[in-house]
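I opened this notebook to record what I looked up in the structure, entry by entry.

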Amino acid sequence: MKNGLLKVDPLKLKLYDGAMSSSLQMNLDKKEPPISVQTYLEKINIDKFFASQASKLRGKLTGSLNGDLNVTMVGPDFQKIKSSLSGKGNIAIQDGYFKLFNLTEALAGVPILGQMAPHFSLSDEFSILKTSLLIKNQKLITPDIYLKGKHHLLTCQGELGFDGSLNYQGIYTLSETED
């Protein structure tokens, strides 16, 4: 620490079969210290992560996570951090399983699905799930979600509010490519 400026660079950890590297900078001379954090994730086993946190997402989302995130905020209390949080990044999950809602079961109930898409195989497995991230105005914005499954493709965009609100729109295609 020099002149009230706290720097942690680099912070490197091996965790959940992968690696994380991060840097942090905080000006402790300020009443409301500005904080910036840069984080890089490589091959994090997210099922192991969710298991370690006793998360309800365990078994509902699996795969190998790669990503980067750069955020800034102002502290020191949680409300101030929440209201000032902003940043951007990217994530990609490879070779995973997505079971957050019952879309597969809903499709299985469509009586003419076998005639419309005879080679369609119901599966929640995917080869890639990726999106860019934007954090601003107390929202996590995902403008370009792309999920490629065995015989399906999901593209969507939307936002998750820090107040719990959820607003997403997208297209679910019963093929590996957009037509």
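I looked up Glu159 and found it partly exposed, because its relative accessible area is 24%; on this scale buried means under 20%, exposed over 50%, and partly exposed in between (1.4 Å probe, protein chains only). I noted Lys139 as partly exposed too, at 31% relative accessibility. The side chains of Glu159 and Lys139 meet in a salt bridge, 3.0 Å from N to O. Glu159 belongs to strand S8 and Lys139 to strand S7, 20 residues apart.

I recorded the basis of the entries: this is a predicted model, in which local features need pLDDT of at least 70 and side-chain atom pairs count only at pLDDT 80 or more, while totals for chains, interfaces and linings use all residues. Residues are numbered from 1 along each chain as its sequence is written, and side-chain values use heavy atoms, with hydrogens and water left out.

**Salt bridges**

I took a salt bridge to be a side-chain nitrogen of Lys or Arg within 4 Å of a carboxyl oxygen of Asp or Glu. By this rule I count three salt bridges. Asp17 forms one with Lys48, with the closest N and O atoms 2.9 Å apart. This pair links the loop between S1 and S2, which holds Asp17, to helix H1, which holds Lys48, across 31 residues. Asp17 is exposed at 55% relative accessibility, whereas Lys48 is partly exposed at 41%. Glu32 forms a salt bridge with Lys80, the closest N and O atoms being 3.5 Å apart. Glu32 lies in the loop between S2 and S3 and Lys80 in helix H2 (residues 78–84), so the pair ties together parts 48 residues apart in sequence. I noted helices (H or I, at least four residues) and strands (E, at least two) as DSSP runs, numbered from the N terminus.

**Cores**

Which residues have the most contacts inside the largest nonpolar core? I found Ile46, Leu61, Ile93, Phe126, Leu129 and Leu147, in a core of 13 residues. A nonpolar core is a set of buried Ala, Val, Leu, Ile, Met, Phe, Trp, Tyr and Cys residues joined through side-chain atoms within 4.5 Å. Among the elements supplying at least two residues each are helix H1 (46–52), strand S4 (61–74) and strand S5 (86–98). Leaving aside neighbours within four places in sequence, Leu61 is in contact (heavy atoms within 4.5 Å) with residues including Ile46, Phe50, Ile93 and Phe126. A second, separate core of seven residues includes Met26, Ile35, Val71 and Met73.

**Strand pairing**

I took two strands to pair if DSSP finds at least two bridges between them. Strand S3 (residues 34–45) and S4 run antiparallel and are joined by 10 bridges; Val37 stands opposite Val71 in S4. S4 and S5 also pair in the antiparallel sense, over 11 bridges, and Thr72 stands opposite Ser86 in S5.

**Backbone**

I noted that most residues other than glycine have a negative phi, and most peptide bonds are trans. Asp9 and Pro10 are joined by a cis peptide bond, with omega about -5°; Pro10 has its place in strand S1. Tyr16 has a positive phi, near 50°, and lies in the loop between S1 and strand S2 (18–27). Ala54 also has a positive phi, near 50°; Ala54 lies in the loop between H1 and S4 and is exposed at 70% relative accessibility.
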